[in-house]
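The sequence and structure are shown first.

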Amino acid sequence: MQITLSQNLSYCVGVQRTLTLVEELLTRNPEKSYYMLGEIVHNEHVIKDLRSKGLHFTRDIKRIENHGIVIIQSHGVSRSIMEKLKDNNIDYVDATCPMVRVIHKQIKKLEEQGYFPVIIGKKGHDEVKGIAGQVSQALIIGKPEEVSPDLFFEKKKVGVVVQSTFIRADALTILEKIKALGTKVKFIDTICRPTTERQEEVKNIAGKYDCILIIGSKTSANTNHLYSLAGGKKSSVYLVDDPESVKDLPIPKDATVFITSGASTPMHLIEKVISILIRGKKQS
Ligand code: SF4
């Protein structure tokens, strides 16, 4: 078996930065209680590990005990959550990814310039909620079929930003549908560089290997995007959440295998997959 590793394995810079900060705080101040308002990353293995090290997860500010400190996750949060923390005198450490902060700034600027804010992104995703929460109101569009004349009725000019991990081609399809309604559109491409690099790499290698393994959680948007971008050519593509599941995949022993991962996948899971493949799995 010939294994090739992606140049973009494991955490993106934003997730790595937040995790390093969290680990440092938990080690340096074991007597303090740290909370996250939602998942730090969409990966159950990471959440379980941090929980065992003492990090608390809650979406309810009322559940934060006296002197508890909130760490804002890399996805960022809305203005109203920041205000609630301040109103309740809750200390916080803001670990919002700098690239998400840029999206916050851009959408606020668009609103100030008189554009109706539109976010191309997944409804209900923490990052999208945080972006929408920077402005008084915003339209969130996740699929081309959601673009309808009714939604854009009386919106003379709209300002569009994109969730950092969205598939660029899908975002551009949605954008074209909005433009086709005749609305004036100002578009700011806010898909982050690490996402772009991962997506481009997977698109370029699709079909060049017998098998592509995308290691990451099924709940992670960027992992699922890599999976869908890698499909459709001659490679067999698998999304691997639990490394042990690799043992059951029908990968021939002489296959060429390309391994990449979502931006929230810890390195030790990737190493485990590699070691199972090298040791020799159930052959088909
Ligand atoms: S995917 Fe991009 S925006 Fe999101 S945390 Fe990683 S680097 Fe930051």
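Helices here are DSSP runs of H or I with at least four residues, numbered from the N terminus. With that numbering, helix 1 (13–28), helix 4 and helix 8 each supply at least two residues of the shell around the ligand. The model is a predicted one.

**Ligand shell**

Helix 1 gives the most to the shell, with three residues. The residues around the ligand number 14, and those that come nearest are Cys 12, Gly 14, Cys 97, Ser 164 and Cys 192. By residue class, the shell holds nine nonpolar and five polar residues, and no charged ones.

**Domains and their contact**

Three domains make up the division of the protein: domain 1 (2–10 + 194–279), domain 2 (13–97) and domain 3 (99–191). Taken over C-alpha atoms, the centres of domain 1 and domain 3 are separated by 30 Å. Seven residues from domain 1 and seven residues from domain 3 take part in the contact. On the side of domain 1 that touches domain 3, helix 8 (193–205) and helix 9 (221–230) each supply at least two residues. The largest share of that side, four residues, comes from helix 9. Two nonpolar and five polar residues, with no charged residue, form this side of domain 1.

An open sheet is formed by four strands in the order 7-6-8-9, with parallel pairing. Strand 7 (139–141) and strand 9 (184–187) stand at the edges with a single partner strand each, so one side of each has no neighbour in the sheet. From one strand to the next, the twist averages 30°. Strand 8 (residues 157–162) and strand 9 run parallel and are joined by four bridges. Within this pair, Gly 159 has Lys 186 of strand 9 as its bridge partner.

| Helix | Residues | Strands touched | Angle with the direction of strand 8 |
|---|---|---|---|
| Helix 4 | 98–112 | strand 6 (116–120), strand 8, strand 9 | about 180° |
| Helix 7 | 168–180 | strand 6, strand 7, strand 8, strand 9 | about 175° |

Technical notes. Residues numbered from 1 in each chain as written. Predicted model: local features only at pLDDT ≥ 70, side-chain atom pairs only at ≥ 80, totals over all residues. Domains from an automatic or database assignment. Contact = placed C-beta atoms within 7 Å. Nonpolar A, V, L, I, M, F, W, Y, C, P; charged D, E, K, R; others polar. Pairing = 2+ DSSP bridges. Axes fitted to C-alpha atoms, helices over the stretch in contact; angles between N-to-C directions. Near = placed C-beta within 6 Å.
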